[in-house]
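I opened my notebook to look through a new structure. My plan was to take one element at a time and write down what I found.

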Amino acid sequence: MNTLGRSGVEVTALSFGAAGIGNLYREVSDEQADAALGAAWSVGIRYFDTAPHYGLGLSERRVGAFLRERPRDTYVISTKVGRRLEPADGHGDDLAHGFAVPATHRRVWDFSADGVRRGLEDSLERLGLDRVDVVYLHDPDDHAEQAFREGYPALERLRSEGVVGAIGAGMNQSAMLTRFVRDTDVDVVLCAGRYTLLEQGALADLLPAAEEHGTSVVVGGAFNSGLLADPKPGATYNYASAPQELVARALRLKDIAERHGTTLRAAALAFPGAHPAVASVLVGARSADEARDGAEQFAALVPADFWRELVAEGLLPKDAPVPPVPRVPPVPPVPASGEERS
């Protein structure tokens, strides 16, 4: 278990990203979502990340339904604020935002102090929980002034009141996250897609700042939204079709991994967790098989020669930390009396 900054909130090194079970790109049944969460739990994952944005609340409802059956002190859950959900006419779907769900609600950007509190209250209602452990400001890219002036202080007050244990920001960029680390007292930031085998931009700004300030980093998008999981023409990168040159680069990485007797998925999950500032790596799963595969790949040994070849070929910077040993998978605690293993 790793502690998020100075918060005392402890998370498993591998965590569950719940965008997929919010019907990202395609439908997932309630039964499939529950099986994915159950498999993640069975391999020892105890940190679950969700957001209102994921399927217009569907992800939160599914995660909450699963976790309500577990003792509250045996897991950590994070959600996000900044996009409030308001009822809509319900016509059509939400695929324009990437989610295969009916358009029952519309998203309203709101990083005001009132919006943060209202957003968190709505999330707790969807989750069916009385508290969450971590709250992130979600994608404040175009709302920086309000996020820093109103949203962040509101989170700081919630933390001081004991409503949440840890606070931070989650984004698909490293520059503004670095500003949060340097200019505020966040415990953790969630950096999606910017510290992967394909991209190491966060190594230049965010990760050194996090180390300096004692702030934790959770890495999301280790597969760059799908490209590093299964590189091929038409694969998804940054939530859109991957450019041809990136597909070629990913295929080259896959070839090198296989020559060294490992998989690209194992290398993609192992790489970000090797940095000392990284507390957890999120992996998304839509099914039980995907959840189990993520844990197996995360725990697999990636040979040292693989990393050396990437550096020699200019595919990784020389100063990027790489894992010297296989990652130890999380070990489930002994269930409390009456709790079933699942």
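**Two helices in contact**

I looked up the contact between two helices first. Arg265, Ala266 and Leu269 in α8 meet Asp293, Gly294, Gln297 and Phe298 in α9. Contact here means heavy atoms within 4.5 Å. By class, this contact of α8 with α9 has three nonpolar, two polar and two charged residues. Nonpolar covers Ala, Val, Leu, Ile, Met, Phe, Trp, Tyr, Cys and Pro, charged covers Asp, Glu, Lys and Arg, and the others, Gly among them, are polar.

Helix α8 spans residues 264-273, helix α9 spans residues 288-299, and they pack at about 70 degrees with axes 8 Å apart. Axes are lines fitted to C-alpha atoms over the stretch in contact, and angles run from 0 to 180 degrees between N-to-C directions. The two helices are therefore roughly perpendicular, a label for 65 to 115 degrees.

**Notes on the model**

This is a predicted model: local features need pLDDT of at least 70, side-chain atom pairs count only at pLDDT 80 or more, and totals for chains, interfaces and linings use all residues. Residues are numbered from 1 along each chain as its sequence is written, and side-chain values use heavy atoms, with hydrogens and water left out.

**The barrel**

I traced the sheet next. Eight strands form a closed barrel, β3-β4-β5-β10-β11-β12-β13-β16, with parallel pairing. Neighbouring strands of this sheet are turned by 25 degrees against each other on average, direction ignored. Strands are DSSP runs of E, at least two residues, and helices are runs of H or I, at least four, numbered from the N terminus. Two strands pair if DSSP finds at least two bridges between them.

I then picked β12, residues 188-192. Ala169 stands opposite Val189, and Gly220 in β13 is the bridge partner of Ala192.

Which residues of β12 point each way? Val188, Leu190 and Ala192 point one way, Val189 and Cys191 the other, and all are buried. Buried means under 20% relative accessible area (1.4 Å probe, protein chains only).

**A buried serine**

I checked Ser59, found in helix α2 (residues 58-67). Ser59 counts as buried because its relative accessibility is 0%. Leaving aside neighbours within four places in sequence, Ser59 is in contact with Ala18, Ile21, Gly22, Thr50, Ala51 and Tyr54.

Conventions: Parallel < 35°, antiparallel > 145°, perpendicular 65-115°, else oblique. Buried < 20%, exposed > 50% of the residue type's maximum accessible area, 1.4 Å probe, protein only.
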